[in-house]
Amino acid sequence: MRNRGECAALLCRRLVAEGTRHVHERAQLCSSSKSNTMTEEAKKLAAWAAVNNHVQNNQVLGIGSGSTIVHAVQKLAERVKQENLNIVCIPSSFQARQLILQNGLTLSDLDRHPELNVAIDGADEVDLDLNLIKGGGKKSESLGEQWKKGIPIEVIPMAYIPVSRALAKRFGGVAELRMAVNKAGPVVTDNGNFILDWKFDKVHNWREANVAIKMIPGVVETGLFIDMAERVYFGMEDGSVSVREKPVH
């Protein structure tokens, strides 16, 4: 049975590079619900679970963007004050920077703190293998079963038309330029790029598709997070929080 609700997907990844062991955790938060009240409460449950279970003293945290992030940062600020935690926050967007400052948290950057312990961000759909589409709160068996708004793909402005055509030709579906809501023109990322929402018409081998898409000239990044998560927290409408662990193959 598939349950819908807000979710905080916690990604825990252990890396070995240049003979030094680095621990990297990324928390992904996602959202979707039937009513605004239920939605916000579910977002809060998911965000609080991720912050409470995975934030510790003397950590460097990456802070993403989105509506669920607001609850995560508020809980983080509460814990920092109550427990006198030493936490440094690295923003991934302008919104994240403002949230960090508004909540009185310590702001830094990747130049001064290049290694993160935990990063909290957003996801739209999570499948059984804990692969994610970034940015809605759908819990499915395979990516693409429930999230229908497309996979966001960041592209350099001059390449959005060739990239759109390349996506449609190779993978099918249609890639649409994301337009701003309250102003004329396309959405522009913090990096000065455009976003294509690729609305695929079938479920793909997402690992292979993600690699192939990134190889298209003009593509900066995709909204797919493949083989990164080890645990996902789903804040449900009934007030509970369910956990999905990464399967062992």
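Student: How many aromatic pairs does the structure hold?
Tutor: This is a predicted model, so side-chain atom pairs count only at pLDDT 80 or more. Rings pair if their centres lie within 6.5 Å. Under that cut-off, the number of aromatic pairs in the structure is 5.

Student: Which residues do ring pairs link into a cluster?
Tutor: A pair of aromatic rings is described by the distance of the centres and the angle of the planes. Here ring pairs join residues into a cluster, and its members are Phe 171, Trp 198, Phe 200 and Trp 206.

Student: What sits over the ring of Trp 48?
Tutor: A charge counts as over a ring if NZ of Lys or CZ of Arg is within 6 Å of the ring centre and within 35 degrees of the ring normal. At 4.0 Å from the centre of the Trp 48 ring lies the charged end of Lys 75.

Student: What is the strand order in the open sheet of 4 strands?
Tutor: Strands of a sheet pair through backbone hydrogen bonds, either parallel or antiparallel. In this sheet the pairing is antiparallel, and the order is β10-β11-β9-β12.

Student: Why is one side of β10 and of β12 left without a neighbour in the sheet?
Tutor: β10 covers 174-177 and β12 covers 219-222. Both stand at the edges of the sheet, so each has a single partner strand.

Student: Which residue in β11 is the bridge partner of Pro 152?
Tutor: Strand β9 spans residues 151-155 and strand β11 spans residues 194-199. The two pair in the antiparallel sense over 5 bridges. In β11, the partner of Pro 152 is Asp 197.

Student: Which strands does helix α4 touch?
Tutor: Helix α4, residues 160-171, packs on the sheet, and its direction makes about 15° with that of β11. Contact means heavy atoms within 4.5 Å. The strands touched by helix α4 are β9, β10, β11 and β12.

Student: What angle does the direction of helix α5 make with that of β12?
Tutor: Helix α5, residues 206-214, packs on the sheet and touches β9, β11 and β12. The angle between the direction of helix α5 and that of β12 is about 155°.

Student: How many of the residues of strand β4 are buried?
Tutor: Strand β4 runs over residues 87-91 and is joined to β3 by 5 bridges, in parallel. Buried means under 20% relative accessible area. Strand β4 is mostly covered, and of its 5 residues the number buried is 4.

Terms used. Residues numbered from 1 in each chain as written. Predicted model: local features only at pLDDT ≥ 70, side-chain atom pairs only at ≥ 80, totals over all residues. Heavy atoms only, no water. Pairing = 2+ DSSP bridges. Axes fitted to C-alpha atoms, helices over the stretch in contact; angles between N-to-C directions. Phe/Tyr/Trp six-rings, centres within 6.5 Å; stacked < 30°, edge-to-face > 60°. Buried < 20%, exposed > 50% of the residue type's maximum accessible area, 1.4 Å probe, protein only.
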